[in-house]
Amino acid sequence: MKITSLLVLKCNPKGSDPIILANATDVSHFGYFQRSSVREFIVFVARTVAKRTPPGQRQSVQHEEYKVHAYNRNGLVALGFMDDHYPVRSAFSLLNQVLDEYLKNFGESWRTVQADSAQSWPYLEEALDPAEADKLLKIQRELDETKIILHKTIDSVLERGEKLDSLVEKSSDLSAASQMFYKQAKRTNQCCTLL
């Protein structure tokens with residue numbers, strides 16, 4: 001999953017080209033000589049999609065292995081250029097957060113802007129990292145890592161031949177009642193297996 005670019009634009013109701021208020025782009029995965037063309041293409045597509053997204057609407061446009069997601073909130077538009085594997089729900093959640101942050105940081109000043117802004121906005125640069133941008137993706141990644149570690153630990157214990165049953169049989173610390181309890185609990189929970 002990759003976010004190539006995030007933009008915030010002001011859509012003009014008269015049909016003129018949208019104005020870029022903020023832009024963060026990561027073209028490091030493109031060839032060095034392609035990067036300037038890719039940046040120009042991103043600006044072109046961003047203006048086109050923003051102009052064609054009605055106020056209060058969200059839309060996604062597919063182009064080869066990329067998707068452009070747009071959200072127009074009363075003339076303030078957030079756009080994201082993501083690869084095809086990026087979840088749509090996460091994309092629109094991110095665009096909503098970008099608009100909220102933009103309004104929190106800059107207020108309604110965007111309404112009076114008349115030209116493209118070249119000023120960088122650190123929040124947008126940080127939001128290019130998909131793992132940090134979406135809290136659910138971050139939590140899912142951490143759970144997956146924990147699950148892998150847990151499986152490796154269990155596998156290594158079983159590989160050493162230390163089966164729990166044989167350990168219980170050999171243990172002198174467990175009374176006969178505890179061993180009987182373990183065996184009955186194991187029979188009762190046979191339907192519950194570790195995946």
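Trainee: Which residues is alanine 70 in contact with, leaving aside its neighbours within four places in sequence?
Mentor: Bear in mind that this is a predicted model. Alanine 70 is in contact with Val49, Thr53, Gln57, Arg58, Gln59, Ala78, Leu79, Phe92 and Leu95, with neighbours within four places in sequence left out.

Trainee: Where does alanine 70 sit, and is it buried or exposed?
Mentor: Alanine 70 is in strand E4. It counts as buried because its relative accessibility is 0%.

Trainee: How far apart are alanine 70 and glutamine 57 in space?
Mentor: They are 8.2 Å apart, C-alpha to C-alpha, and 13 residues apart in sequence.

Trainee: What about histidine 69, buried or exposed?
Mentor: Histidine 69 is also placed in strand E4. It counts as buried, because its relative accessibility is 0%.

Trainee: Which side chain does histidine 69 join in a polar contact?
Mentor: That of serine 60, at 2.6 Å. Not counting residues up to four places away in sequence, histidine 69 touches Gln59, Ser60, Ala78, Leu79, Gly80, Met82, Val88, Ala91, Phe92 and Leu95.

Trainee: Next, the pairing. How do E4 and E5 pair?
Mentor: Strand E4, residues 66-73, pairs with E5 in the antiparallel sense, over 8 bridges. Tyrosine 71 stands opposite alanine 78 in E5, for one.

Trainee: What lies between E4 and E5?
Mentor: A turn: the two strands form a hairpin with 2 residues between them. Asparagine 74 in that turn has a positive phi of about 55 degrees.

Trainee: Which way does strand E1 run against E5?
Mentor: Strand E1, residues 3-10, runs antiparallel to E5, and 7 bridges join them. Isoleucine 3 has methionine 82 as its bridge partner in E5.

Trainee: How many residues of E5 are buried?
Mentor: 8 of the 8, so the strand, residues 76-83, is mostly covered, buried here meaning under 20% relative accessible area.

Trainee: Which residues of E5 point which way?
Mentor: Leu76, Ala78, Gly80 and Met82 point one way, and Val77, Leu79, Phe81 and Asp83 point the other way. All of these are buried. In a regular strand, side chains alternate between the two faces of the sheet.

Trainee: Let's move to the helices. How many residues does H1 have?
Mentor: Helix H1, residues 35-51, has 17 residues. It reaches 24 Å from its first C-alpha to its last, close to the 24 Å expected.

Trainee: Which residues of H1 are buried, and what do they pack against?
Mentor: The buried ones are Val38, Ile42, Val45, Ala46, Arg47, Val49 and Ala50. They pack against E1, strand E2 (19-25), strand E3 (58-63), E4 and E5.

Trainee: Why does arginine 47 count as buried?
Mentor: Because its relative accessible area is 18%, and the cut-off for buried is under 20%. Aspartate 116 is partly exposed, with a relative accessible area of 40%.

Trainee: How many salt bridges are there?
Mentor: The count comes to 7. One of them joins the side chains of lysine 51 and aspartate 17, at 3.1 Å from N to O. That pair also links distant parts of the chain, with lysine 51 in helix H1 and aspartate 17 in the loop between E1 and E2, 34 residues apart. Lysine 51 is partly exposed at 41% relative accessibility, and aspartate 17 is partly exposed at 45%.

Trainee: What does arginine 73 pair with?
Mentor: Arginine 73 forms a salt bridge with aspartate 100, the closest N and O atoms being 2.9 Å apart. Arginine 73 is in strand E4 and aspartate 100 in helix H2, 27 residues apart.

Trainee: Last one. How many helices and strands does the chain have?
Mentor: It has 7 helices and 5 strands. Of its 195 residues, 32% count as buried.

Conventions:
Residues numbered from 1 in each chain as written. Predicted model: local features only at pLDDT ≥ 70, side-chain atom pairs only at ≥ 80, totals over all residues. Heavy atoms only, no water. Buried < 20%, exposed > 50% of the residue type's maximum accessible area, 1.4 Å probe, protein only. Helix = DSSP H or I, 4+ residues; strand = E, 2+ residues; numbered from the N terminus. Pairing = 2+ DSSP bridges. Expected span 1.5 Å × (residues − 1). Contact = heavy atoms within 4.5 Å. Salt bridge = Lys/Arg side-chain N within 4 Å of Asp/Glu carboxyl O. Polar contact = N/O pair within 3.5 Å; in protein donor to acceptor, adjacent residues only side chain to side chain.
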